[in-house]
Amino acid sequence: MTMTSTNRGSKARGAALAAVVPLLLVAACSSGSGSAEGEDGEIRMMVNLTDNLDQAYWEQLVKPFEDETGLKVKIEGPTGKSVAESFPQQLAAGTAPDVIQSIFPDDDTAPELIDLGGEAWAKGTPMFDEYAMGDAHYAVGVGTQTQSLIYYNKTAFEKAGISGPPTTWDELTKDLGALEKAGYTPMQTAGDFQTGLQLQQIYHPTLNQLHPKWQTAVADDKLSVGDAYQPAFQMYADWIEAGYVGKSDVGLSPSQADGNFTAGKVGLYTNGSWFAASLDKAGDLPFEVGVFPPAADGQAYPGPQGATMANPYMIRKGIGDEDGAKQLVEYLVTDAEAVEAQLGSDGVFRKGAESKQSGVDAQIQGILDDAPALVAVGEGQGNVRLPATGFNPKFTEVAQSLYTGAAPADAAKSIDQWVDENR
């Protein structure tokens, strides 16, 4: 099999994530010239090492590429706590790798990266345009992590007399009441980062239809975050007051919240696609799990899915074998077997992909395939970004204030004040 050829020479600035399109199937490649910084024919790639994505996993993933090209890929873990911490440090020290996995470019690192926008193979990768910086595309990804999902206990729905997933906020609120009467925790929440994240996740489909690219509108002073989110704050405060969201849940860890759902105590649980991996690890459950996209009140249903690029790759400028590095990244994000291997870990999905999936995975795949768009979450990404950094922790703080009696209007003012102070 042959991989499409790449052009030598470095280009400039950008960040990337491609619009989700059907899976592009391309295979191995021609050999490159070898890296000036390592052994002849060696490409250094720094990856995020985890318990399941360990050294052996990565070496097995790149072995077919090595066999086809004769190039050697050296897998390196971060020298610091993470790839995000290590890459800038290594850039400063002059020891940075050729290919970087798991992080995205920022204003500081973008000038050190190759713009992949001119590569034909890159344009077919997930969320390519969504992660552009200006006109440049520095990152290409394998798939997406879908965030606007609600997992539910089908047994709880049956006992509560609920015929199917709600599509409006009124229906959802009524269902929460029915679940409470049936003896279930209506909606599971947790503390730490999860409080604010869940509120964002459940509101993405509505917010992004009422205010498309709302982060950019805030940056352009055409919208305030408070105005965008006050309806969500009001809805959430009403749920807390009604007891549909437990005030004590804010003291739980996300793992404890996961456990409550898998134990069958919970009706609804808002979470991202990564939770599917936790469900798989939990084994046989005492109920069947369903998944549906959140309501989009007064708007088209299903609405846009909040999503992030998963398994992104970037290439550093000035390396010895730019052509070989491009061929490696092309293989990782377009080769059918390489893509499938990466989709099988950590709740990573790709629109149009056809791979072996669990029942829950298949439901998530269907939601992703049916989504009219994938949209930036939280602080944003690429060219769709808020004018302040650190949004998610602040949003969680504001969401948690609703548990202690803060009025929705005050929550909206608080988040607006923070944005104004941190522009």
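**View 1. Contacts across the whole chain.** Among contacts (heavy atoms within 4.5 Å) between residues at least 6 apart in sequence, 78% join residues at least 24 apart. What you are looking at is a predicted model, in which local features need pLDDT of at least 70, side-chain atom pairs count only at pLDDT 80 or more, and totals for chains, interfaces and linings use all residues. Residues are numbered from 1 along each chain as its sequence is written, and side-chain values use heavy atoms, with hydrogens and water left out. The chain holds 14 helices and 12 strands; these are DSSP runs numbered from the N terminus, with helices being H or I runs of at least four residues and strands being E runs of at least two. Of the 423 residues, 55% are buried. Here, buried means under 20% relative accessible area, exposed means over 50%, and partly exposed is in between, using a 1.4 Å probe and protein chains only. The accessible surface of the chain comes to about 17000 Å², and 47% of that belongs to carbon and sulfur atoms. Such areas come from the Shrake-Rupley method with a 1.4 Å probe, and for residues only the protein chains shown count as cover.

**View 2. The largest pocket and its lining.** Let's look into the largest pocket, which has about 1200 Å³ of space. It is lined by 47 residues, and the closest to its centre are Ser 102, Phe 104, Tyr 131, Thr 308 and Met 309. How is a pocket found? Rolling a probe the size of a water molecule over the atoms shows where empty space is left. On a 1 Å grid over the protein atoms alone, a pocket is an open set of points where a 1.4 Å probe fits, with protein on both sides within 12 Å along at least five of seven lines, and lining residues have an atom within 4 Å of a point. Grid points are joined across faces, edges and corners, and the volume is the space filled by probe spheres set on the points. Helices H2 (83–93), H5 (194–210) and H13 (391–401), together with strands S9 (305–315) and S11 (380–381), each supply at least two lining residues. S9 gives the most, with 5 residues. By class, the lining has 22 nonpolar, 20 polar and 5 charged residues. Ala, Val, Leu, Ile, Met, Phe, Trp, Tyr, Cys and Pro count as nonpolar, Asp, Glu, Lys and Arg as charged, and the others, Gly among them, as polar.

**View 3. Gln 101 and the residues around it.** Find Gln 101 in strand S3 (residues 99–101). Is Gln 101 buried or exposed? Gln 101 counts as buried because its relative accessible area is 3%. Its side chain reaches the backbone nitrogen of Asn 48 at 2.9 Å. Not counting residues up to four places away in sequence, Gln 101 touches Met 46, Val 47, Asn 48, Trp 58, Val 83, Asn 311, Pro 312 and Tyr 313. One of these, Asn 311, lies in strand S9 and is buried at 13% relative accessible area. Asn 311 also has a positive phi of about 55°, although it is not a glycine.

View 4. Thr 109 sits in the loop between S3 and strand S4 (140–146) and is buried, with a relative accessible area of 6%. Which residues does Thr 109 contact, leaving aside its neighbours within four places in sequence? They are Phe 87 and Leu 91. Pro 88, a residue of helix H2, is partly exposed at 36%. Its C-alpha atom is separated from that of Thr 109 by 7.2 Å.

View 5. Met 127 lies in the loop between S3 and S4, and its phi is near 60°, a positive value in a residue other than glycine. With a relative accessible area of 0%, Met 127 is buried. The peptide bond from Tyr 301 to Pro 302 is cis, with omega near 0°.

**View 6. Gly 352 in its loop.** Gly 352 belongs to the loop between helix H11 (336–343) and helix H12 (359–370). Gly 352 is partly exposed, at 35% relative accessibility. Beyond residues up to four places away in sequence, Gly 352 touches Gln 365 and Asp 369.

Technical notes: A polar contact is a pair of N or O atoms within 3.5 Å; within protein, one must be able to donate a hydrogen and the other to accept it, and residues adjacent in sequence count only if both atoms are side-chain atoms.
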